[in-house]
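Morning, everyone. Let me put the model on the screen and walk you through it.

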Amino acid sequence: MSSSLGNQVGQLARRSIVRTLRQPAQIVPAIVFPLFLLAVNTGGLKDATSLPGFPTDSYLTFILAVPFIQGALFSVMNSGTDLARDIETGFLNRLALTPLRGAALLSGLLAGATVLGVVQAVAYLAVGLIAGAEMAAGAGGALVLVLLSVTITVAFGTIGLFAALRFGSGEAVQGLFPVFFVFLFLSAMTLPLDLLTTDWFHAIASVNPVTYLLEAIRSLLIEGWNLGDLALGFGIALAIGAVGMTAASSALKSRLVRT
Amino acid sequence: MTTETQRSGGIEVEALVREFKNGPRAVDGIDLEVAQGEIYGFLGPNGAGKSTTVLMLTTLLPPTAGTARVGGFDVVEQGPQVRASIGAALQEAALDPLLTGREHMRLQTALHGLGKAERETRGNELLERVGLDYAADRKVGGYSGGMKRRLDLALALAHRPRILFLDEPTTGLDIQSRTALWEEVARLAAEDGVTVFLTTQYLEEADALANRVGIIDHGHLVAEGTPAELKAEIGRPTVEAVPREEGDRERMTAVLGRFGQGAGSSPRGVAVRLDGGESQLAEVVRALDSEGIAIERLQLHAPSLDDVFLAKTGRSLEGAGEEEPADAEPETAAPA
């Protein structure tokens with residue numbers, strides 16, 4: 001008896017989704033915390049739109065890109081801590097005793113992150129639009145935005161999986177959260193890249209991939225269809241996902257030492 | 001040493017070794033054979049090497065040296081075939097507190113490749129068999145320790161394995177839950193012909209359940225046989241006396257010391273293993289009487305597996321593992 005790869009992915013995806021939906025503590029902060037920061041930033045920095053060269057007169061529209069990245073950061077923690085718990089409790093050993101393939105385990109575990117990514121993206125976008133943000137790319141742009149957001153969430157989720165497999169502890173995974181926030185703060189989070197006049201900050205933000213993820217989201221909100229920005233955003237997200245998945249697969253081989 | 005019986009559902013282990021980085025040999029060259037349908041009790045204190053042995057036999061940890069065949073398959077070369085032949089309930093019931101019992105069964109049966117219709121049937125059958133059908137749709141986080149262990153057993157049986165590994169399955173359970181699990185394990189071996197490799201640190205568990213017992217200490221197999229054989233090998237009963245006057249305890253120790261080596265006793269008593277067997281009991285009473293020591297209670301204990309352990313290792317099994325580290329991380333695993 002051997003289960004197909006598709007069936008294995010499906011079973012683990014189902015488990016991952018069920019687990020996510022049964023943990024309000026994973027869903028609620030991932031939605032509420034970024035929206036809270038959205039409100040704070042919009043209120044505190046709205047005058048930035050008067051700077052020459054600021055791309056929009058709605059700071060809410062500009063800053064609305066940030067919750068999508070912050071939400072994706074929660075995905076690192078959620079997917080990582082779920083897997084770390086499986087390692088700590090021995091559940092991974094239980095799975096290892098079945099004919100489970102490693103690829104199925106990792107893909108299945110990301111299903112929960114995907115569902116959470118969709119819920120988060122829809123929530124941020126709905127709240128933003130209700131509060132008065134613009135959506136220059138229209139309804140189609142909204143769909144692409146959700147897709148991009150989910151791609152980023154899943155990509156960041158692979159890093160959570162890698163950390164869990166490498167370190168085997170939920171605490172270690174949670175320790176990554178502030179590190180990722182530093183990446184966000186050192187990006188073009190609050191101002192466009194061109195308006196960051198401090199040299200060292202501009203230099204760091206220019207090479208920080210998070211800047212280009214933000215710009216891809218902003219292009220849909222502010223400009224409409226900027227295929228160059230979108231391609232760069234999707235490309236970076238997919239590259240992060242590929243690197244994360246490769247690293248996680250390698251760590252899984254060390255963690256699952258079954259013969 | 002391979003026989004047809006063992007090839008179909010037994011376990012053969014030869015000179016099996018497992019070393020950990022910067023640590024002692026957790027398993028140091030053990031040899032053992034378990035026949036199909038046999039319940040083999042692997043007895044030893046914490047850190048003796050029981051769980052490391054189970055991890056190697058279930059393919060979750062590669063041996064450093066030696067060979068092991070489980071169900072006729074080599075644990076190093078034929079891992080997938082070994083895993084298809086075995087079920088395992090490892091230390092601590094590894095369950096997901098957010099899933100229900102039924103969801104666990106669905107996942108386990110599906111990953112083992114059972115068809116959709118069979119999954120439901122098999123899952124329901126096993127949940128009923130371990131007495132969890134009434135709680136099948138409750139999240140496992142709300143289960144008691146005994147319920148978790150029973151679900152663990154049901155999950156291990158999902159794909160009808162011929163060999164079952166149970167790593168300390170009753171640790172932490174109350175006596176009722178423990179007895180219920182013993183009955184189920186005994187039934188599996190007797191009625192379904194399942195080979196059971198059971199690790200335990202409970203003497204009564206090995207005594208009550210196992211057809212044969214292997215005693216492991218510091219990674220070495222120090223004794224092996226049926227419980228009766230092992231006890232007969234020791235052969236000497238223990239006499240325990242409690243003096244009526246507390247002040248006579250020292251003199252009583254001296255008198256009893258003439259009849260054999262000291263043994264574990266109650267706090268007020270004195271116990272020795274009688275060198276000359278039961279026939280010395282009358283002599284013991286006469287010696288105490290002639291010394292004027294009044295006896296409050298006198299008991300003769302038949303040899304137990306603890307006596308066997310004491311005889312083989314020089315220590316009592318109770319608390320013997322406290323000075324030992326728990327089985328360490330394998331050197332091939334990622335640093336935790």
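In chain B, the centres of domain 1 and domain 2 are 39 Å apart, taken over C-alpha atoms. Domain 1 covers 7–95 + 143–231, and domain 2 covers 236–302. Those bounds come from an automatic or database domain assignment.

Some ground rules. This is a predicted model: local features need pLDDT of at least 70, side-chain atom pairs count only at pLDDT 80 or more, and totals for chains, interfaces and linings use all residues. Residues are numbered from 1 along each chain as its sequence is written, while chains are lettered from A and ligands numbered from 1 in the order in which they are written.

Now the interface. On chain B, 29 residues are in contact with 32 residues of chain A; contact means C-beta atoms, placed from the backbone, within 7 Å. Chain B's side has 19 nonpolar, seven polar and three charged residues. Here nonpolar means Ala, Val, Leu, Ile, Met, Phe, Trp, Tyr, Cys and Pro; charged means Asp, Glu, Lys and Arg; the others, Gly among them, are polar.

Next, the cores. A nonpolar core joins buried Ala, Val, Leu, Ile, Met, Phe, Trp, Tyr and Cys residues through C-beta atoms within 7 Å. Buried means 20 or more other C-beta atoms within 10 Å of the residue's own, again placed from the backbone. The largest core has 152 residues. B:Val196 is among those with the most contacts inside it. Apart from that core lies another, of 12 residues, including B:Leu256 and B:Val270.

That's my tour. Over to you.

Note on methods. Contact = placed C-beta atoms within 7 Å.
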